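Visitor: I'd like to learn how to read a model like this, feature by feature. Could you walk me through it?

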Amino acid sequence: MDRTDRIRQFIEDRFLVEFGGEVTDGSDLFKAGVMDSFGYIQLMSFLEDEFAIGVTDEEMLTDVFVSLDAIDAFVARKLAGRAAGQGDASCAG
């Protein structure tokens with residue numbers, strides 16, 4: 001299962017939604033009623049644990065990731081930064 005599928009699976013399982021119909025990879029998950037602020041915190045915690053990345057409070061508050069596409073792109077940037085030696089000091093898991 002690739003990165004995007006792992007994120008999609010978490011969102012579907014945690015928030016009891018299926019991507020494909022009314023909710024697409026580009027849907028605003030807040031406006032669609034899929035996720036609230038507490039769910040967002042759970043999602044960020046999952047991303048930190050699953051991909052061994054650090055998400056700062058500033059990133060969570062200033063770059064609110066509202067769609068699967070945006071969330072996936074954020075994780076990709078964090079992983080690329082870590083691979084380039086610019087990310088956090090967490091070790092990959």
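Visitor: Which side chain does D72 meet in a salt bridge?

Guide: A salt bridge is a side-chain nitrogen of Lys or Arg within 4 Å of a carboxyl oxygen of Asp or Glu. Here the partner of D72 is R3, at 2.6 Å from N to O. D72 lies in helix α4 and R3 in helix α1, so the pair ties together parts that are 69 residues apart in sequence. Helices are DSSP runs of H or I with at least four residues, strands are runs of E with at least two, and both are numbered from the N terminus.

Visitor: What should I keep in mind about the source?

Guide: This is a predicted model: local features need pLDDT of at least 70, side-chain atom pairs count only at pLDDT 80 or more, and totals for chains, interfaces and linings use all residues. Residues are numbered from 1 along each chain as its sequence is written, and side-chain values use heavy atoms, leaving out hydrogens and water.

Visitor: Let's turn to the nonpolar core. How many residues does the largest one have?

Guide: In soluble globular proteins, nonpolar side chains tend to be buried together. A nonpolar core here is a set of buried Ala, Val, Leu, Ile, Met, Phe, Trp, Tyr and Cys residues joined through side-chain atoms within 4.5 Å. The largest has 24 residues, and those with the most contacts inside it include I7, L29, L47 and I71. α1 (3-15), α2 (37-51) and α4 (68-83) each supply at least two of its residues. The largest share, 6 residues, comes from α2.

Visitor: What is L29 in contact with?

Guide: Contact means heavy atoms within 4.5 Å. Leaving aside neighbours within four places in sequence, L29 touches I11, F19, V23, V34, M35, V66, S67, L68 and I71.

Visitor: And the helices themselves, which residues of α1 are buried?

Guide: An α-helix has 3.6 residues a turn, so residues three or four places apart point the same way. In α1 the buried residues are T4, I7, R8, F10, I11, E12 and F15, and their cover includes α2 and α4. Just after α1, L16 takes a positive phi of about 50°.

Visitor: Which residues are buried in α4?

Guide: They are L68, I71, D72, F74, V75, K78 and G81. Their cover includes α1, α2 and α3. Just after α4, G85 has a positive phi of about 80°.

Key. Buried means under 20% relative accessible area, exposed over 50%, partly exposed in between (1.4 Å probe, protein chains only).
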